[in-house]
Amino acid sequence: MELETSRTRSGADPVSAAPFVSIESVGFTYPGARRPALTDTSLGIAKGEFACILGPSGCGKSTLLSILSGLAVPDTGRVSIDGEVLYDQGHAVAEHPPALGYVFQDPRLLPWRTVRQNLNLALKGAQVDRARWDELVDTYLGMCGLREYADVWPGKLSGGQRQRVAIARALAIEPPSVLMDEPFSTLDEVTARFMRQELLDLWEPIGQTIVFVTHSIREAVFLADHVFVMSAGPGRVLERRAIDIPRPRAYEDPHLAEIEGELVAWVLEQWGYHDATAGPTT
Amino acid sequence: MAVDAVVRAEAATGRRDPGVLGRTRRPAVTVVMVGIVLILWAMLWDRTDFLPSPATTWDYGIGTLTEARTYHDLAATTRRLVLGLGIGYVGAVAVTLLMRRSGRWKLFFAPHVFVLISTPGLAMSLISLMIFGLSEIGIYLAVAGVVFPFVVVSLLEGMEGLDANLGEMTHVYHFSIRDRIRHQVVPEMAPYMFAAFRNVHALAWKIVVIAELFTQDDGIGWQYKRAFAFFEFERLIVWGGYFVGLVVLVEYGVLRPIERLVFRWRDNPPG
């Protein structure tokens with residue numbers, strides 16, 4: 001499968017190794033829907049890459065995560081992770097799909113189980129050895145600054161803390177890939193900014209493959225190694241854009257704002273808007 | 001915008017902490033009402049030819065506390081209630097889960113639930129007693145048959161409101177079926193399970209007592225039968241008091257502590 005080529009600042013060639021996360025010509029229509037959510041969608045994500053999927057509402061970006069996570073079976077196409085085929089032409093192939101971390105828009109913690117119990121249940125589902133549970137829970141809650149809250153009910157935590165627990169849960173199972181569906185979209189801007197930096201601080205030493213869905217161009221440019229820009233629905237990938245800004249990145253970096261501005265102008269045209277004077281978003 | 005499951009779960013029963021004043025208000029009102037009844041009784045009993053005096057009723061009641069027979073009868077009724085309600089409730093939970101899981105099970109059980117819920121409780125009891133005669137099994141099944149459809153209907157309504165988002169989370173994180181039921185479905189259903197229990201609890205006691213009246217030679221129902229046969233109003237009042245006392249004991253001595261334990265994760269747990 002060939003990856004979509006991109007215009008990068010450095011003119012770098014696209015990744016030539018087999019992608020770690022591979023979506024090939026996938027199509028999907030929700031039952032009862034008039035039009036498909038995805039048509040002939042292809043993308044490849046390298047191992048250890050932080051990839052953002054950027055698109056307008058209704059473009060099918062969350063549907064892609066649903067397919068990767070097993071919540072939806074694509075009608076057509078092929079999906080594989082780390083060389084293991086999950087779906088092929090409408091059929092689930094893998095008997096034991098890999099355990100993936102998933103951070104939803106809302107934390108989706110079991111409110112009647114403590115923070116530790118929530119993580120333990122995810123570890124159990126991922127078939128992690130029980131002897132490691134305490135170590136993993138303490139480690140990843142510690143990384144998220146929540147170790148002291150391990151035996152607290154989620155209802156006692158703030159919204160931002162709950163989302164950090166959800167991130168800790170996704171990371172604690174040490175999956176090959178972590179999927180994130182606009183995880184900061186329900187938070188206020190200040191908390192969201194803090195969480196974006198926290199996420200990068202958590203990710204960089206571990207280096208897991210992250211697939212991050214967002215509708216925020218600034219967020220995508222700040223976080224990602226590559227941004228996959230999707231068309232308006234029915235979705236397909238229009239372009240794979242490399243973000244060649246060295247890490248660590250600053251949210252207010254003018255270089256970042258410049259790339260954002262270029263991308264904004266381009267996607268406005270692609271998504272059917274014609275306001276060429278639109279500036280960077282916050 | 002997605003709603004956090006915590007907020008949704010906390011709003012499930014709509015309970016708020018009534019505060020100290022609120023918590024003492026209801027018992028105070030009850031005490032006042034009981035006091036008014038006692039005063040009226042003391043004032044009016046000798047103007048009727050059926051009411052006993054409060055004093056003789058009190059003496060009778062105190063006397064029953066020293067009789068082993070009293071505790072035997074209370075234990076018998078309680079045993080029948082626990083087993084009958086237990087069979088009906090557990091059966092209802094199992095059937096509800098089956099109906100939820102599969103359309104075929106739903107098609108199969110729905111008519112049975114409809115017939116059972118439409119049948120008068122007394123008729124259900126008599127059918128069961130006529131089949132099983134003097135055996136206690138008849139009482140268990142009478143109670144189970146009456147409470148079963150009400151619990152199913154209550155739980156099915158509750159399950160319609162199950163959080164699909166939590167279901168997606170348990171799917172993504174590969175929860176086993178057993179873990180989904182234990183850690184997601186049952187806790188989420190807990191408010192509805194307690195509500196369903198309360199709906200049928202008092203009804204179940206009544207069915208037991210009525211069934212005992214027909215077929216048993218012990219229990220509260222038998223004591224009512226004897227009171228009626230010998231026109232012993234003191235006996236009727238005292239054993240009516242025992243009946244209410246048992247219902248209240250289950251509510252405040254068993255159900256509410258369990259409820260506080262189950263909902264301890266909430267900011268304002270019930271009770």
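## A loop residue with positive phi in chain A

Gln89(A) is located in the loop that connects strand 5 (84-88) to strand 6 of chain A; helices (H or I, at least four residues) and strands (E, at least two) are DSSP runs, numbered from the N terminus. The phi of Gln89(A) is near 50 degrees, a positive value in a residue other than glycine. Gln89(A) counts as exposed, because 11 C-beta neighbours lie inside 10 Å.

The structure is a predicted model, in which local features need pLDDT of at least 70 and side-chain atom pairs count only at pLDDT 80 or more, while totals for chains, interfaces and linings use all residues. Residues are numbered from 1 along each chain as its sequence is written, and chains are lettered from A and ligands numbered from 1 in the order in which they are written.

## Other backbone features of chain A

Arg108(A) also has a positive phi, near 55 degrees, in a residue other than glycine. Arg108(A) lies in the loop between strand 7 (101-103) and helix 2 (115-125) of chain A. Arg108(A) is classed as buried because 27 other C-beta atoms lie within 10 Å.

Arg247(A) and Pro248(A) are joined by a cis peptide bond, with omega about 5 degrees. Pro248(A) belongs to the loop between strand 11 and helix 7 (254-270) of chain A.

## The five-stranded open sheet

Five strands of chain A form an open sheet in the order 2-1-4-5-6, with antiparallel pairing; two strands pair if DSSP finds at least two bridges between them. Its edges are strand 2 (38-45) and strand 6 (91-92) of chain A, each of which pairs on one side only. Strand 1 (residues 21-28) of chain A runs antiparallel to strand 2 of chain A, and five bridges join the two. Leu38(A), in strand 2 of chain A, stands opposite Phe28(A).

Helix 1 (residues 61-69) of chain A packs on this sheet and touches strand 1, strand 2 and strand 4 (76-81) of chain A. The direction of helix 1 makes about 115 degrees with that of strand 1 of chain A; axes are lines fitted to C-alpha atoms, for helices over the stretch in contact, and angles run from 0 to 180 degrees between N-to-C directions.

Strand 10 (residues 226-230) of chain A is mostly covered, with five of its five residues buried. His226(A), Phe228(A) and Met230(A) point one way from the strand, and Val227(A) and Val229(A) the other way. Strand 10 pairs with strand 3 (residues 50-54) of chain A in the parallel sense over four bridges, and His226(A) is the bridge partner of Ala51(A). With strand 11 (residues 237-242) of chain A, strand 10 runs antiparallel over five bridges, and Val229(A) has Glu239(A) as its bridge partner. A hairpin of six residues links strand 10 to strand 11 of chain A.

The largest nonpolar core has 84 residues, and those with the most contacts inside it are Ala51(A), Ala172(A), Val211(A), Phe212(A) and Ala224(A). Helix 4 (residues 159-172) of chain A gives the most to this core, with seven residues. Such a core is a set of buried Ala, Val, Leu, Ile, Met, Phe, Trp, Tyr and Cys residues joined through C-beta atoms within 7 Å. A second, separate core of 38 residues includes Val95(B), Val143(B), Tyr192(B) and Phe197(B).

Leu129(B) is situated in helix 6 (residues 121-132) of chain B. Leu129(B) is buried because 22 other C-beta atoms lie within 10 Å. Leu129(B) and Phe214(B) are 85 residues apart in sequence and 8.2 Å apart in space, C-alpha to C-alpha.

The buried residues of helix 10 (residues 220-229) of chain B are Ile220(B), Gly221(B), Trp222(B) and Gln223(B). These residues pack against helix 4 (68-101), helix 9 (177-215) and helix 11 (233-262) of chain B; two residues are in contact if their C-beta atoms, placed from the backbone, lie within 7 Å.

## Confidence

The model scores ipTM 0.87 and pTM 0.79. Chain B averages a pLDDT of 87, and 90% of the residues score at least 70; pLDDT is the predictor's confidence in each residue, from 0 to 100. Over residues 1-14 of chain B the pLDDT is below 50. Where pLDDT is low, the predicted coordinates should not be read in detail.

How values were computed:
Buried ≥ 20, exposed ≤ 12 C-beta atoms within 10 Å, placed from the backbone.
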